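I opened this notebook to record a look at charged side-chain pairs and at one stretch of strand pairing. The entries follow the order in which I looked things up.

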Amino acid sequence: MMNLSPRSLSRLAGFRKRGVVVAIDDFGTGYSSLAYLHTLPVQVLKIDRQFTRRLGEKSRDSRIVSAILGIADALDMEVVAEGIENEAQLEKLRELRCMRGQGFYLGRPAAFGAWLSGD
């Protein structure tokens with residue numbers, strides 16, 4: 001996504017105008033780049049689980065999550081923390097004012113077919 005052509009960026013912007021929400025998954029790993037965040041038509045950052053895994057323990061990860069939340073706030077983006085697996089992680093995210101999350105502690109994944117059929 002970091003090397004998108006102007007045409008591709010225009011298409012993403014068009015999706016956004018139609019109400020499609022674009023998210024960057026696993027933010028903080030791989031090719032995540034702060035330099036591109038303000039130019040990409042993205043509304044959501046999903047914090048990679050490697051940063052939520054040690055929340056509630058003695059680690060620097062809470063400062064990293066806090067920094068990502070600050071960046072997202074400055075850019076008017078929503079944040080979803082991935083990989084919430086216990087109460088300590090959830091409480092630390094609440095303390096850091098991260099209001100969205102996903103993970104086994106919050107709910108098990110649903111089978112896609114069952115979700116589509118309503119079962």
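By how many helical turns are Glu95 and Lys92 separated in helix H5? I note first that the model is a predicted one. The two residues are three residues apart in helix H5, so about one helical turn separates Glu95 from Lys92.

**Entry 1. Glu95 and Lys92.** I looked up the contact itself and found a salt bridge between Glu95 and Lys92, with 2.9 Å between the closest N and O atoms. I then checked the accessibility of each partner. Glu95 has a relative accessibility of 55% and counts as exposed, because the cut-off for that class is over 50%. Lys92 is partly exposed at 21%; the limit for a buried residue is under 20%.

**Entry 2. Glu91 and Arg94.** I next examined another pair in helix H5. The side chains of Glu91 and Arg94 form a salt bridge, N to O, at 3.0 Å. Both residues belong to helix H5 and lie three residues apart, about one turn of the helix. Glu91 is partly exposed, with 35% relative accessibility. Arg94 is also partly exposed, with a relative accessible area of 47%.

**Entry 3. Arg100 and Glu78.** Arg100 and Glu78 meet through their side chains in a salt bridge of 2.8 Å, N to O. This pair links distant parts of the chain, its members being 22 residues apart. Arg100 sits in the loop between helix H5 (87-95) and helix H6 (112-117), whereas Glu78 is in strand S3 (residues 78-81). I recorded both partners as partly exposed: Arg100 at 49% relative accessibility and Glu78 at 39%.

**Entry 4. The count.** I took the total for the model, which comes to five salt bridges. The pairs in my entries are among them: Glu95 with Lys92, Glu91 with Arg94, and Arg100 with Glu78.

**Entry 5. Strands S2 and S3.** S3 runs parallel to S2, and four bridges join the two. Within this pairing, Leu45 stands opposite Val79 of S3.

Are the side chains on the two faces of strand S2 (residues 44-47) buried or exposed? I found both faces covered: Val44 and Lys46 are buried on one side, and Leu45 and Ile47 are buried on the other.

Notes. Residues are numbered from 1 along each chain as its sequence is written. This is a predicted model: local features need pLDDT of at least 70, side-chain atom pairs count only at pLDDT 80 or more; totals for chains, interfaces and linings use all residues. Side-chain values use heavy atoms; hydrogens and water are left out. A salt bridge is a side-chain nitrogen of Lys or Arg within 4 Å of a carboxyl oxygen of Asp or Glu. Buried means under 20% relative accessible area, exposed over 50%, partly exposed in between (1.4 Å probe, protein chains only). Two strands pair if DSSP finds at least two bridges between them.
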